[in-house]
Amino acid sequence: MTVTQEAPAIGSAELYQQVQQYYARQMQLLDSGRVEEWAQTFTADGVFAANAHPEPTVGREAIAKVAGQVVADYNERRIQRRHWLGMVNVERQEGGSVFARCYALVFETPHGGQAYVKASTTCEDELVYEGGEWLVKHRLITRDDLI
């Protein structure tokens with residue numbers, strides 16, 4: 001069972017800054033292969049859904065396992081992956097959660113090669129405040145080429 005704390009009473013500019021900082025930290029953890037730390041940015045019962053996957057991945061442990069497999073594959077193929085998030089929109093929800101929606105570009109750079117955009121997506125998150133930090137309770141990634 002997840003116990004969600006009430007988010008601190010802060011202004012919209014500070015909330016926006018906190019979400020931006022959260023995303024910067026989260027994406028840099030993933031892109032540097034720190035999968036276990038990245039998975040800790042989800043709630044224990046967090047959901048990672050994507051229109052490129054047949055079923056959502058549910059639970060922090062399962063999310064870490066799948067992400068670990070993806071990172072291992074990129075490492076084996078000697079490809080550096082980077083996520084770039086922009087156009088972030090942040091809205092407070094009843095109950096203290098936050099709905100955040102942004103555009104995400106995924107870049108890949110093969111060792112010795114040229115970087116290219118692998119995917120253009122939207123990312124929609126329900127963020128909750130637990131243990132003094134924001135965590136993803138539900139993420140939906142929608143790849144533009146699969147709509």
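How many helices and how many strands does the protein chain have? Hello everyone, let's start with that one. The protein chain has three helices and six strands. Please keep in mind that we are looking at a predicted model. If you walk along the sequence, the elements come in the pattern α-α-β-β-α-β-β-β-β.

Let me begin with the overall form. The radius of gyration of the protein chain is 15 Å, close to the 15 Å that the globule rule gives for 147 residues, so the chain is as compact as a globular protein of that length. The C-alpha trace spans about 50 × 30 × 30 Å along its principal axes. Of the 147 residues, 40% are buried. The chain exposes about 8,600 Å², and carbon and sulfur atoms supply 52% of that area.

In what order do the six strands stand? The order is β2-β1-β6-β5-β4-β3, in an open sheet with mixed pairing. The edges belong to β2, residues 57-58, and β3, residues 79-92; each has a single partner strand, so one side of each is left without a neighbour in the sheet.

Let's stop at strand β1, which covers residues 42-50. Is β1 mostly covered or mostly uncovered? Mostly covered: seven of its nine residues are buried. On one side, β1 pairs with β6, residues 133-143, in the parallel sense over five bridges. You can find this pairing on your screen by looking for Val47, which stands opposite His138 in β6. Phe48 stands opposite Arg139 in β6. Phe48 also stands opposite Thr57, which is in β2. That takes us to the other partner: β1 and β2 run antiparallel and are joined by two bridges. A hairpin of six residues makes the link from β1 to β2.

What about the helices? Helix α1, residues 12-31, lies across β1, β3, β4, β5 and β6. Its direction is at about 160° to that of β3. Helix α3, residues 60-77, packs on the sheet as well, touching β1, β2, β3, β4 and β6. The direction of α3 makes about 55° with that of β1.

While we are on α3, have a look at Val70, which is found in that helix. Val70 is partly exposed, with a relative accessible area of 30%. Val70 and Val35 are 35 residues apart in sequence, and their C-alpha atoms are 9.8 Å apart in space.

Next, the cysteines. How many disulfides does the structure hold? The count is zero. As a reminder, a disulfide is a covalent bond between the sulfur atoms of two cysteines. The cut-off used here is 2.5 Å. Both residues are shielded: Cys102 is buried at 0% relative accessibility, and Cys123 is buried too, with a relative accessible area of 4%.

Ser97 sits in the loop between β3 and β4. Is Ser97 buried or exposed? Ser97 is buried, with a relative accessible area of 10%. Setting aside neighbours within four places in sequence, Ser97 is in contact with Glu91, Arg92, Glu126, Leu127 and Val128.

Then there are two residues with a positive phi. Arg78 has a phi of about 60° although it is not a glycine. Arg78 lies in the loop between α3 and β3, and at 48% relative accessibility it counts as partly exposed. Met87, which is not a glycine either, has a positive phi of about 55°. The place of Met87 is in strand β3, and Met87 is exposed, with a relative accessible area of 66%.

Technical notes. Residues are numbered from 1 along each chain as its sequence is written. This is a predicted model: local features need pLDDT of at least 70, side-chain atom pairs count only at pLDDT 80 or more; totals for chains, interfaces and linings use all residues. Side-chain values use heavy atoms; hydrogens and water are left out. Two strands pair if DSSP finds at least two bridges between them. Helices (H or I, at least four residues) and strands (E, at least two) are DSSP runs, numbered from the N terminus. Contact means heavy atoms within 4.5 Å. Axes are lines fitted to C-alpha atoms, for helices over the stretch in contact, and angles run from 0 to 180 degrees between N-to-C directions. The radius of gyration is taken over C-alpha atoms; the globule rule is 2.2 Å times the number of residues to the power 0.38. Buried means under 20% relative accessible area, exposed over 50%, partly exposed in between (1.4 Å probe, protein chains only). Accessible areas come from the Shrake-Rupley method with a 1.4 Å probe; for residues, only the protein chains shown count as cover.
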